[in-house]
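Here are my notes on this model. Please read them with the structure open.

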Amino acid sequence: MFDCRICGETQIYNYYCEDCSITRRICLTYGKKEVRDILERVCLRNKKQMTNKINIIKDKLDKEEKKDKKELGDETYINPNESVFEELKKKLKK
Ligand SMILES: [Zn+2]
């Protein structure tokens, strides 16, 4: 038994787990420097970049929420206006 040389996951036959074997092959294909540059540019975010990403996701969720509300259709059917009920009550009393 071996521990994967990259992630430390215990393996029976290989020095690399299945996931790290793929990563290793990508490194062999593109070069470890290129792979590291891509990982740093794509995966590592500074605080400003993280805040920006969070705001983009929040805006997207807000837009989807507003869109869902608009798709309900006739709002008087779902959330009846009280003045309409009052008017109906008066008519029924007559
Ligand atoms: Zn691994």
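1. First, a term. Two residues are in contact if their C-beta atoms, placed from the backbone, lie within 7 Å. Helices (H or I, at least four residues) and strands (E, at least two) are DSSP runs, numbered from the N terminus.

2. This is a predicted model: local features need pLDDT of at least 70, side-chain atom pairs count only at pLDDT 80 or more, and totals for chains, interfaces and linings use all residues. Residues are numbered from 1 along each chain as its sequence is written.

3. Confidence. pLDDT is the predictor's confidence in each residue, from 0 to 100. The protein chain averages 85, and 85% of the residues score at least 70. Confidence is highest in α1, at 95, and lowest in helix α4 (residues 75–78), at a mean of 58.

4. The α1/α2 contact. Ile26, Cys27 and Tyr30 of α1 meet Lys32, Glu34 and Val35 of α2. By class, this contact has four nonpolar, two charged and no polar residues. Ala, Val, Leu, Ile, Met, Phe, Trp, Tyr, Cys and Pro count as nonpolar, Asp, Glu, Lys and Arg as charged, and the others, Gly among them, as polar.

5. Burial of α1. A residue is buried if 20 or more other C-beta atoms lie within 10 Å of its own, exposed if 12 or fewer, and partly exposed in between; C-beta atoms are placed from the backbone. Of the 13 residues of α1, zero are buried, so the helix lies largely in the open. Glycine 31 follows α1, and its phi is positive, near 95 degrees.

6. Tyrosine 13. This residue sits in the loop between β2 (10–11) and α1. Tyrosine 13 is exposed, with 6 other C-beta atoms within 10 Å.
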